[in-house]
Amino acid sequence: MNEKTLNKLEYPKIIKRLTELASSASGRTLCQALTPSVDLAEIETAQQQTGAAFSRIIKKGRPSFSGVVPVIDSIRRLEIGGALSAKELLSLCRLLETAAQIKAYGRAEDPDQEPDCLSVFFDSLEPLTPLSSHIRFCILQEDEINDEASRNLKQIRRQISQLNDRVHSALASVLNGSSRQYLQEAIITMRGDRYCLPVKAEYRNQIPGLIHDQSATGSTIFVEPMAVVRLNNDLKDLFAKEQEEIQILLATLSQEAAPYASLILSNFQLLTQLDFIFAKGALALDMNASLPRFNTEGRIHIRQGRHPLLPAASVVPITVTLGDAFHLLIVTGPNTGGKTVSLKTVGLFTLMGQAGLHIPALDRSELALFRCVYADIGDEQSIEQSLSTFSSHKTNIVSFLEEADKDCLVLFDELGAGTDPTEGAALATAILKHLHQKQVRTMATTHYSELKVFALTTEGVENACCEFDVETLRPTYRLLVGIPGKSNAFAIASKLGLSGQVIDSAKQLLSRQDEAFEDLLSRLEQNRRTLQEEKEQISAYKKELELLKSQALSQQEKLDAQKDRILREAKEKARLLLEEAKDVADETIRNFHKFGKEGMSASAMEKEREKIRKQLSSVQPSMPAASRKKKPQDPASFKPGESVRVISMNLTGTITSKPDPKGNISVQMGIFNSQVPLSDLELLEEPVSYSAKKLHTTSKGKLKMGKSFSVRPEINLLGLTVDEAVAQLDKYLDDAALAGLSPVRVVHGKGTGALRTGVHSYLRRQKRVKSFRLGSFGEGDAGVTIVELKS
């Protein structure tokens, strides 16, 4: 890519933003050196790395590379056996500590997580934690070495501390003694590396010692008393030993680091590369950018692209297509409408994409791989070279025409401007035809109507315009591909207050052909606006329908779920109620049968009946309201002989009388007759097999006839426990006795014989059983018991 094109498309400003996001000096150097590549594999690798960094920043935040400091010179000295200073060793330590932090940052939180293209960088880092920990322990700061770094250093510093105490004690005795009157101030000061006292100049001979300095006025001299001269000399020797020991320590640490010089250098290079990659990821995050797709067919499709150097709050996204159905795009429209911005957006996106940077556009945007990008944008007038604007533009164009081929992208801003309009339009048309014949991907902005006609009449060339709102005299900055733009000069002049007479006069100067063409453009623009509004309305309707459909489906799902739940609950309640009612009914029949045999009085039987009725009534309120609700009963429909069901007792009976004035009616249920209110009765479709008159005038004998229609001559107890079998057998024998059946067959099976034994034990205790025996051949053998009942 040539340098002039990079500057015209403002690529250096993108690099500046990228550089500011790097944490280390070496990372910033890589950012500044970033240029577009023409190797597709290299571009795709760089794009994948940017995407991986972007994803990691979203999940974990940005890592810091501030500890990555230049260490190449230090590494070279280590390689030749040199010793490093405390500052250099601390730099190595910070580098290794940063490597440890970045390695931990890159570690996957989930063991099953798939590695990305940056995982190899993180895995290759070698923090050398023991070495960095040792350096950090020994060197606290650049000018501070830990006392515990070595035994000799600790001993020397202890001696220095002790000697300091002796020096201060000796000087304190002078300060507190008779010589204090000769001192300018009662303080201990330092001159050079010697402890001294400030003595008044006139008393210089009163305190024997070495003079090291005097004040600017000469009124004070700084004397080292003879009592501390030797101590100061010893102290100076200890300081020299301390520095010597520190140098030995630094040399030892350097020797420890030397074997790892190559690993340290590798860490530096890896961290620098990661800093550079994460700067690209951070830039993508700042610009809300996405990964572009690349192709080698010269196809560009930018979806809702935003120029990255314009304010994000005000920039209007544009959608541009080039290189698929057409190779040449001519953009027209009024000034300040956004033509140049659209041109620069296409060029800058191409440069950014080929540099491995994401572009601020919607995902699935496509860019083509171009060998070179040529841009002729802006005023190229040069006083030094005596070139006019037109001449400068043509100089650029000459070079473009010579070098550009189908693998290049050419961008023209105001092609043919700066000279006579007629000649400029003809020259611009010829240039575009030449590039079109070479299949060079070209995008040009212009005001010439001739170029609009050229685009309309030439295959592979397409018009585009930057939309302009004539009512507000403001551009919308929307790029509309497929529609030629108008200059709108007359409309703008009219809105700005130019006389209508002048405008009409100007219109008369237009040729009929030009006027017809402008009218055609106006109609096209009006049709486009109408279609756009209708499209937006249809889109809004579709969204509304989708929302309503989604809500309806959701509501239906809720209703279905609620319906299923209600049905399940109702069925479960009904099952429980039926079981309870059945148990009560069975118990009732057994009790009344016993009452009949024991000769119980009618009043006692009625009390027992009322007790059972209350028990069943207590169950009824728990039944669903829908199951209790019934139609109003007509008293005339309840006639003697009709079959009914007593709802509260869940028993079937026959009406034996007409309703009395209170609404009660006599119902014969089995062996007892009861007064039941009409509201507690339900008519049955099939009447019982005996008439009311017969039931009223007969007794037990006729009741047997009705019962015999429902009692079978045998009962099957297979698969039941003894208790369950006895309960069912007890009820069955009651029913069989009422029906007058005898003998009856009890099927209990052979098996282990436990069920047969239990049944026989039960039969021996029953008074209504005349005799029983095992079945003979043909009757079921030992698996069946034949029971004779008393008549």
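How many helices and strands are there in the protein? There are 24 helices and 25 strands, taken as DSSP runs numbered from the N terminus (helices H or I, at least four residues; strands E, at least two). This is a predicted model, in which local features need pLDDT of at least 70, side-chain atom pairs count only at pLDDT 80 or more, and totals for chains, interfaces and linings use all residues. Residues are numbered from 1 along each chain as its sequence is written, and side-chain values use heavy atoms, with hydrogens and water left out.

**Overall figures**
- Of the 791 residues in the protein, 42% are buried; that means under 20% relative accessible area, with exposed over 50% and partly exposed in between (1.4 Å probe, protein chains only).
- The accessible surface comes to about 43100 Å², by the Shrake-Rupley method with a 1.4 Å probe, where for residues only the protein chains shown count as cover.
- Carbon and sulfur atoms hold 52% of that surface.
- Among contacts with a separation of 6 or more, 66% join residues 24 or more positions apart; contact means heavy atoms within 4.5 Å.

**Aromatic pairs**
- The whole structure holds six aromatic pairs, defined by ring centres within 6.5 Å for Phe, Tyr and Trp (its six-membered ring); planes under 30 degrees apart are stacked, over 60 edge-to-face, the rest tilted.
- One of them is Y105 with F278, edge-to-face at 5.8 Å centre to centre and 75° between the planes.
- This pair links distant parts of the chain: Y105 is in helix 6 (residues 86-106) and F278 in helix 11 (residues 261-286), 173 residues apart.
- Y105 is buried at 13% relative accessible area, and F278 is buried at 2%.
- Another pair, F400 with F412, is tilted, at 6.1 Å centre to centre and 40° between the planes.
- Here helix 13 (residues 389-403) supplies F400 and strand 13 (residues 408-412) supplies F412, twelve residues apart.
- Both F400 and F412 are buried.
- F65, Y105, F122 and F278 make up one aromatic cluster.

**Charges over rings**
- The charged end of K60 sits over the ring of Y105, 5.5 Å from its centre; the test is NZ of Lys or CZ of Arg within 6 Å of the ring centre and within 35 degrees of the ring normal.
- R191 lies over the face of F222, 3.8 Å from the ring centre.

**Around M287**
- M287 lies in the loop between helix 11 and strand 7 (293-295).
- M287 is buried, with a relative accessible area of 8%.
- Leaving out residues up to four places away in sequence, M287 touches R17, R306, P308, M352, H358 and P360.
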